[in-house]
Amino acid sequence: MNVIIKQIELIERIDQLIRLKATGSPTELAYRLDISKTKLYRIINTMRQLNAPVIYDVSLQSFVYEEAVGFKFGFYQRKLNTKELNPLVG
């Protein structure tokens, strides 16, 4: 289970740096995250599979999002409506 959590934490960190347009080059980002470039590209590809519009902007020397997106993983509290509380009530 720790592997999944570590992957999510990496995605969250990369997401934060992308939002700041501060990833640097792939080599710099991999070094900053203490991972290989291969692993970095695997994570970026996973983010793309999750519909993150990630591209590398050569002029900024940073990964960026082509459009505004949000990333949230985890459980949070929310109020349930009556139908969700008792699905048998019509």
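1. In this predicted model, the side chains of Arg19 and Asp15 form a salt bridge, with 3.0 Å from N to O. A salt bridge here is a side-chain nitrogen of Lys or Arg within 4 Å of a carboxyl oxygen of Asp or Glu, and by this rule the count is one. The two residues lie four apart in helix 1, so about one helical turn separates Arg19 from Asp15. Arg19 is partly exposed at 40% relative accessibility, whereas Asp15 is buried at 8%. Buried means under 20% relative accessible area, exposed over 50%, and partly exposed in between (1.4 Å probe, protein chains only).

2. Helix 3 covers residues 37–49 and spans 18 Å from its first C-alpha to its last, close to the 18 Å expected at 1.5 Å a residue. That expected span is 1.5 Å times one less than the number of residues. Helices are DSSP runs (H or I, at least four residues), as are strands (E, at least two), numbered from the N terminus.

3. The buried residues of helix 3 are Leu40, Ile43, Ile44 and Met47. They fall within an arc of 100° seen down the helix axis, so they line one face of helix 3; the arc is taken from the directions from the axis to the C-beta atoms. Arg42 and Gln49 are exposed on the other side of helix 3.

4. After helix 3 comes Asn51, with a positive phi near 75°.

5. Residues are numbered from 1 along each chain as its sequence is written. Local features need pLDDT of at least 70, side-chain atom pairs count only at pLDDT 80 or more, and totals for chains, interfaces and linings use all residues, while side-chain values use heavy atoms, leaving out hydrogens and water.
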